[in-house]
Amino acid sequence: MNINPVLLKELKVRMRGWRAAGIIALYLLILSMVALFIIYTTFMNPYGSTIDPQVSIGAYTGLAIIQFILIMFIVPALTAGAIAGEREKQTLDLVLCTRLRPISIITGKLFASTSQTLLLIISSLPIFSLVFLFGGISIKEIIQLFAFYIMTAVTIGCIGIFFSTCLKRTTAATVFTYGTLAFLAFGTIFIGVFYIRIVYQWDYKNFLPLLYTNPLVGFSSLLAGQFGYFGGGLDFFSIFYLGNPGSNPNTLNAIEPWVVNVIFDAVLSAVLLTLSAVKINPVRKSIFSYLKFRKKAKKV
Amino acid sequence: MMLSIRNLNKKYGRFQAVTDLNLEVSEGEIFGFVGPNGAGKTTTMKIMCGLLRSTSGEITLDGVDVISHSKRIKEKIGYMPDFFGVYDDLKVNEYLEFYASIYNIKGPARKKITDDLLELVDLGQKREAYVDSLSRGMKQRLCLARSLVHNPRLLVLDEPASGMDPRARVEMKEILKNLKGMGKTIIISSHILPELSELCTSIGIIDKGSMVISGSVSEIMQQVYSKKVIRIKVRDRLAEAELLLKEFPFVDKLVSGENTIQAGFEGDEEDMSRVLSALVTGGVPVVSFAQLDGNLEDVFMRVTKGDEE
């Protein structure tokens, strides 16, 4: 089996030296401190010192949220410089003039960055396993959560790679990647609230489709669904009002937002990867020349 | 024909970088691509290597169209750009092994190619050093080795000796001579013109995107200078030598110095030997008799002066 040479080279370079070990150490330190803080505050509570599944759910939710936030911050930093950095270092032409296809260069870069994220996610498993001490969380839920992490990391990676391909500077690519992420995470909620306020006058019936693109909504719905607060589908506000689950009967049997979010992520990733591969190809035909060709062909 | 370029044009917006460029390079030839900065050398080379799309025109390599078969073409071309970077945290042998792996060269073959190439560019003792720690000249040689990793038939070298000190230039020239001996077809752009005239079998001078003149070095000299120049040094009897030379219709513009005569000459080699034997049989003590070598730098200045004057 031929392993992508760009992926192999990137992994070798990225894992060499103290930087990779330092990132993992810092990452695990933050997660461990969060886990210890949650467990410590629970046991300091005179009424919470007995073994209670609520402790594990609290610790699990806390760790899951912190890990999700860390992924949202780390992946853009790892991917936004993937192609723009090669351009800045003047190494891109050397790879482009080889027989390697543009899509192989893009996927090699993407998988190298996401592998590093994957390593962080997997290395956090022992910390997550702390929640098993108290019960209340199953393996299936952990697997679901980690699969969601990986899909989100790949999507953010694809956004980073796309901007890295389109923009010449790593800084610009990083800013645009964080900007897009901020729009997906907060911009869509802002538009959602505005839309519900103006169009539905608060009398909304269904989950707003735009919010399916929101990683925070997908993540919240996954956690909410895992603890059985909602009957699968949930409306916009029930995500945020955890104590008032699924009050809208129209949404009770709807598909869960995190599932749609994962499907959206997969489609978006495929589109962005294809566009990046087209963009990086130095001898690609421009859309204008393609249209000219179509016009000529029609005349003939 | 190894490389054939027909009516190549490249526009960047409104700026015409290359205009109707035609070029043919045969197998085993070393073609020197000469021109001032911004003349269109790098643009043409990048189009050849599939790193840039031409606006119009046709390039074929070994009979295969460069644009429509870019993957096949890239197996046959080795490209060394004028500016390039290196990867941090990668050792010299790992750098070459990375490029070898791209061409699906595996196992012992990969190691052998890496070792052979490092030997060729005289970097064998640096195989475990980090690429970033190499001097500029060493990096240039490593980049040349990189371009050879898949044993290409055509090498496109864009200013391979730029920024090198004199010793590194001599080393690079030696490597290129070795490659010439190995039968590689090489297209090389450079500003170090005397070195090109020594190395290249043919030369093309490009200015403002157009090929001004191309051919073998001697052909170009003949095209640029209408006459050859011969220089004769005598021990004495300078006046008699001048009189003898004036008898030949293809010798003119005699300029005499201390025991030397420089004259314009329009004949061929046979005529030249007739002049020499006439001088010797006429009793002139000839110390040396030689055709002056054309100076490529001078040719370059003449044909590329354009609108500056």
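Biologist: How many residues of chain A are in contact with residues of chain B?

Modeller: In this predicted model, 20 residues of chain A are in contact with 26 residues of chain B. Contact is judged by C-beta atoms lying within 7 Å. On the side of chain A that touches chain B, α1 (5–15) and α5 (92–96) each supply at least two residues.

Biologist: Which helix gives the most to that side of chain A?

Modeller: α1(A) does, with five residues. By class, the side of chain A that touches chain B has nine nonpolar, five polar and six charged residues.

Biologist: Which residues make the contact of α10(A) with α12(A)?

Modeller: From α10(A) come Pro215(A), Val217(A), Gly218(A), Phe219(A), Ser221(A), Leu222(A) and Gly225(A). They meet Pro257(A), Trp258(A), Asn261(A) and Val262(A) in α12(A). Seven residues of this contact are nonpolar, four are polar and none is charged.

Biologist: What makes α2(A) oblique to α6(A)?

Modeller: Helix α2 (residues 18–44) and helix α6 (residues 102–123) of chain A pack at about 40°, and their axes are 10 Å apart. Roughly parallel is kept for angles under 35 degrees, and roughly perpendicular begins at 65. An angle of about 40° lies between those limits, and α2(A) is therefore oblique to α6(A). α2(A) passes α6(A) in a right-handed crossing.

Biologist: Where do α2(A) and α6(A) meet?

Modeller: Ile24(A), Tyr27(A) and Leu28(A) in α2(A) meet Leu119(A), Leu120(A) and Ser123(A) in α6(A). That contact holds five nonpolar residues, one polar and no charged.

Biologist: Which residues of α6(A) and α12(A) meet?

Modeller: Pro102(A), Ile103(A), Ile105(A), Ile106(A), Thr107(A) and Leu110(A) in α6(A) meet Leu273(A), Ser276(A), Ala277(A) and Ile280(A) in α12(A). By class, eight are nonpolar, two are polar and none is charged.

Biologist: Now chain B. How do you know that the reach of α10(B) is close to the expected one?

Modeller: Helix α10 (residues 269–281) of chain B has 13 residues and reaches 18 Å from its first C-alpha to its last. The expected span is 1.5 Å times one less than the number of residues. For α10(B) that comes to 18 Å. Gly283(B) follows α10(B), with a positive phi near 85°.

Biologist: Which domains does the domain assignment of chain B give?

Modeller: The assignment gives domain 1 (3–222) and domain 2 (226–293). Taken over C-alpha atoms, the centres of domain 1 and domain 2 of chain B are separated by 43 Å.

Terms used:
Residues are numbered from 1 along each chain as its sequence is written. Chains are lettered from A and ligands numbered from 1 in the order in which they are written. This is a predicted model: local features need pLDDT of at least 70, side-chain atom pairs count only at pLDDT 80 or more; totals for chains, interfaces and linings use all residues. Two residues are in contact if their C-beta atoms, placed from the backbone, lie within 7 Å. Helices (H or I, at least four residues) and strands (E, at least two) are DSSP runs, numbered from the N terminus. Ala, Val, Leu, Ile, Met, Phe, Trp, Tyr, Cys and Pro count as nonpolar, Asp, Glu, Lys and Arg as charged, and the others, Gly among them, as polar. Domain bounds come from an automatic or database domain assignment. Axes are lines fitted to C-alpha atoms, for helices over the stretch in contact, and angles run from 0 to 180 degrees between N-to-C directions. Angles under 35 degrees count as roughly parallel, over 145 as roughly antiparallel, 65 to 115 as roughly perpendicular and the rest as oblique. A crossing is left-handed if the near helix is turned anticlockwise from the far one by less than a right angle, and right-handed if clockwise.
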